[in-house]
Amino acid sequence: MTTHFGATLRMLRIDAGLGLGELAERIGVSSAYLSRVEHGHDPVPTPDRVIAIARALELPPIVLLEIAQGAGAALASYLERVPEASSLFLEMATRELGAAEIARIKAFIDRTMPARGASRRKPARLSELLVPDRVLVRAVCSDIEDLVSVASTRLARDRAEARSLVAKLLEREETAPSTMGAGVVAPHAIISGQPSRAVLVTLARPIKTRTPDGLPIQTGLILVEPEADRAHLERLAHIARLAARGLANTLEHARTPDDALRRLATLDVS
Amino acid sequence: MGWLIDDPLSRFIAQLVIVVALARILGRAARKIGQPAVVAEIVGGIVLGPSILGALAPSVSNALFPPGSLEPLASVSQLGVLLFVFLVGLEVEPAMLRGRARATFAIAVAGIVAPFVLGAAVAVPVNELVASRMPTAELALFVGAAMAVTAFPVLARILGDHRLLRTRLGALAIACAALEDVIAWCLLAFVIAFTRSDGLMQAATTTVLAVVFVATMLLVVRPLLERLVDRNNAPLTLSNDVVAIAVLGALGSAWISDRIGIHLVFGAFLFGAIVPKRDSFAHALADKLESIVVVVFLPLFFVVSGLRTHVGLVGSATHALACALIIGVACLGKLGGTLVAARATGLRWREAGALGVLMNTRGLMELIVLNVGFELGVLDTAIFSMMIVMVLVTTMVTSPVLARVYPARDAIRDLVADTPGPQLPTRASEDRILACISHPRVGPAMIAMAGSLGGEHTEIIALHLTRDDELLDVDKSSDADHILAPALARADELALRARALSFASRDPAEDIVRVADVRAPDVVLLGLHKPVLGNDLFGGVVHGVLRDADTQVAVFVDRGLSALPARLLVPFHGSDHDRAALRLAARIQRSHGASLAVLVAPEVRADAIAILDRDRACCEIVIASTTDVIVRRARDCDLIVVGIDREPEHLIREWSPSLLVVRARSNELAPAKVSR
């Protein structure tokens with residue numbers, strides 16, 4: 001399952017404050033082409049172009065590659081580019097290394113090969129933002145407005161804040177819909193002076209509304225952040241990546257908030 | 001040198017090659033130091049002109065750009081300018097101006113008037129200093145107009161570089177620049193007409209013709225173009241025919257504006273501005289033309305400007321002084337004017353300063369104006385050169401100063417999302433009813449009641465809140481589904497529009513109130529199903545909602561109301577809640593043609609009649625208000641609709657029919673709080 005690359009790209013681009021012509025110029029394509037990609041008239045761009053887009057948006061390329069090609073394919077293309085990595089994986093498979101050994105390998109990597117430059121930042125994880133209090137499972141809503149209204153009951157501290165929050169979420173939704181495809185929608189808003197907060201809502205019955213890939217919405221991740229900085233953009237891209245990994249299906253049968261968070265954790269790895 | 005270039009055509013090709021290559025190379029260098037490419041291109045033009053190449057290597061300069069050879073160069077560059085200005089017009093979106101109209105207008109006007117006036121004023125002493133023989137009035141007008149222009153495309157590029165496009169400031173800057181462009185072009189058109197004409201009469205004729213022209217373009221040509229786009233919109237590939245029409249339109253429009261007496265560029269710009277901007281049609285068109293225009297034609301234009309620039313002329317003391325004066329006035333007028341106006345409309349100092357700096361950017365547009373002035377013989381070489389230097393300085397200064405005055409973190413803080421957002425739709429009309437359903441068996445009755453309270457187009461939201469710690473049974477497809485299913489089925493039977501809303505809640509009263517805040521129903525309908533015990537009639541959730549909700553609240557106490565109520569009773573004492581109750585009762589009466597009896601105290605009879613209004617004929621109004629009358633008549637009705645301040649407990653404790661207890665909207669209540 002993949003998210004709809006074009007719709008996600010459009011949302012990220014607008015949130016990053018880049019104009020269509022601007023981004024097109026930076027990656028060396030025509031703005032007409034980019035517009036077609038965003039609206040789904042053209043297929044997903046080649047990996048090189050996707051990497052160029054990621055650089056222009058200052059996002060880790062692998063995240064965007066996953067969104068574009070799906071989790072497996074992104075990894076596969078890395079393995080193709082770097083054959084030594086393939087043989088490493090085969091070694092691990094041959095020795096049947098389990099979680100504990102792999103954790104040691106990872107610790108070794110962290111110790112001896114600290115991440116360079118951009119990837120030195122901690123990867124954006126959602127589990128920090130989601131506590132069981134902020135998870136609603138098996139809700140029933142008929143449209144995205146309902147979804148946002150429901151989320152606001154867990155997101156806002158008081159009624160006045162809830163009202164303005166919903167208004168901002170819906171206003172931003174107007175400018176660039178946050179339906180990413182794969183049954184996930186991520187309404188978000190910037191409200192300064194407050195810590196980052198998020199609410200996860202899974203739906204008992206999917207919402208049939210206009211989505212870029214035609215799949216109804218099953219999961220909503222509503223995000224409120226103080227600043228539209230790189231961390232925010234990375235979080236949005238990460239949500240899209242989780243969607244590509246099948247977030248909606250994984251969460252579909254969660255019965256309690258804790259259950260949902262456990263299932264999310266299986267996908268929410270860097 | 002001679003054998004390389006010995007006939008006009010090969011010379012022209014050589015000129016093209018050198019100009020385009022130089023422009024590309026210098027452009028990259030400029031981007032590296034954070035300047036927009038136009039700065040490099042202007043510099044390139046100056047380099048190739050008499051100022052540098054001509055001074056350092058006159059033989060080369062003479063071979064490459066002999067005086068007589070400028071004709072083809074100038075013509076081709078003119079064509080490029082026309083197409084470029086057309087592309088600029090394509091960028092202008094009237095939608096950008098929406099919502100910021102007043103501030104934008106004020107700032108834009110100030111940003112034009114101030115530099116124009118100051119520029120015209122400074123033209124006089126400059127004229128003296130330089131001892132040029134230019135006619136003063138025309139010169140003043142031209143210098144004024146030249147100072148008033150802002151470079152819209154360069155501004156857009158700089159905003160993009162500084163990541164300001166999505167900020168409030170960036171949007172405001174673009175809107176102001178677009179508006180200023182339009183005003184400036186109109187101003188320029190008038191100035192040109194004045195200059196070219198013989199006297200005021202001619203200028204007036206030109207103005208009238210111009211107005212007619214603009215009107216025709218807006219009212220006739222634009223709708224035609226919209227129809228063209230509509231037919232073309234499905235695939236985004238433009239046919240060559242369409243491109244031809246666009247170019248021909250731009251050129252034709254340019255020709256007309258020239259014949260009228262204003263400049264060619266005006267027509268091309270106008271045509272670009274009226275091309276419909278929907279569906280990325282304008283984008284696609286711009287894409288097709290942009291590369292060739294920007295890469296090939298524009299550098300030619302800069303070279304032509306450069307060839308007219310003698311930086312050396314600015315060397316002497318008086319000339320340097322005049323140049324400094326020009327630069328100073330240009331900045332003061334544009335920056336100062338914009339700054340003051342922006343502060344006046346309420347921007348902070350930093351923002352206003354940043355806006356001023358942005359508006360001070362001049363670039364290609366300026367150059368176009370200056371070249372027009374040169375061609376019309378209003379600007380001589382000296383003044384032309386000084387103005388070019390001014391353009392360079394003001395444009396080069398913009399990026400660095402902006403970075404100091406308005407660093408990135410300010411920009412991020414001001415992102416569009418931060419502006420006071422839109423209000424939620426507060427149309428609490430009869431359109432929506434929020435029915436809170438707690439058990440499957442009460443669903444159908446609640447839906448039926450909600451249906452009665454609404455009109456034809458009413459939408460019912462069937463809300464069910466689950467307890468947060470319930471472990472949902474996975475055998476059932478969905479718990480909420482199960483609970484709301486009977487209600488939704490009933491809605492279907494009654495042909496009512498209903499939809500389900502359900503989620504886990506820690507505080508049902510609070511959450512019901514919040515949903516009501518956001519969805520703005522006309523009535524929140526609650527059901528009371530627990531047996532009534534003790535003094536606390538409305539406990540728990542119902543109490544909380546009655547206390548906190550802003551909308552009307554109606555509590556339905558169902559005592560076996562099996563069918564739709566046929567006989568209604570309303571005890572009416574004239575309080576706010578009674579009024580609300582009577583209004584709702586009237587609605588129920590209207591829905592089913594039920595009979596409605598209103599028991600009024602004599603002094604409020606008129607009020608009751610006013611509320612019932614045209615339904616009066618179907619209602620029975622009885623003058624009586626004591627409790628035993630109410631109790632007696634209650635035995636004969638199906639539903640009593642009463643305001644919450646009527647202490648309905650005794651109605652409930654006694655045998656009584658079903659009850660609908662109504663609490664009015666909070667903004668209809670007198671300041672005294674409801675005792676419940």
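**Close-up views of a predicted two-chain model**

**Figure 1. Arg432(B) and Glu459(B) meet through their side chains in a salt bridge (3.0 Å, N to O).** Arg432(B) belongs to strand β1 (residues 432–436) of chain B and Glu459(B) to strand β2 (residues 459–467) of chain B, so the pair ties together parts that are 27 residues apart in sequence. A salt bridge here is a side-chain nitrogen of Lys or Arg within 4 Å of a carboxyl oxygen of Asp or Glu, while helices (H or I, at least four residues) and strands (E, at least two) are DSSP runs, numbered from the N terminus. Arg432(B) is buried at a relative accessible area of 12%, and Glu459(B) is likewise buried, at 15%; buried means under 20% relative accessible area, exposed over 50%, and partly exposed in between (1.4 Å probe, protein chains only). Both residues take part in a network of salt bridges that also links Asp143(A), Glu145(A), Asp146(A), Arg499(B) and Arg519(B). The model is predicted, so local features need pLDDT of at least 70 and side-chain atom pairs count only at pLDDT 80 or more, whereas totals for chains, interfaces and linings use all residues. Residues are numbered from 1 along each chain as its sequence is written, chains are lettered from A and ligands numbered from 1 in the order in which they are written, and side-chain values use heavy atoms, with hydrogens and water left out.

**Figure 2. A salt bridge joins the side chains of Arg506(B) and Asp133(A) (2.7 Å, N to O).** Arg506(B) lies in the loop between β3 (497–505) and α21 of chain B and Asp133(A) in the loop between α8 (99–112) and β1 of chain A, so the pair joins two chains. Arg506(B) is partly exposed, at 43% relative accessibility, as is Asp133(A), at 38%.

**Figure 3. Glu366(B) forms a salt bridge with Arg362(B), with 3.6 Å between the closest N and O atoms.** Glu366(B) counts as buried at 0% relative accessibility, and Arg362(B) is buried with a relative accessible area of 0%.

**Figure 4. Strand β5 (residues 197–207) of chain A is mostly covered, with 8 of its 11 residues buried.** Strand β1 (residues 135–139) of chain A runs parallel to β5(A) and is joined to it by 3 bridges, with Val135(A) opposite Leu200(A). Strand β6 (residues 217–225) of chain A runs antiparallel to β5(A), joined by 7 bridges, and its Gly220(A) is the bridge partner of Val201(A). Two strands pair if DSSP finds at least two bridges between them.
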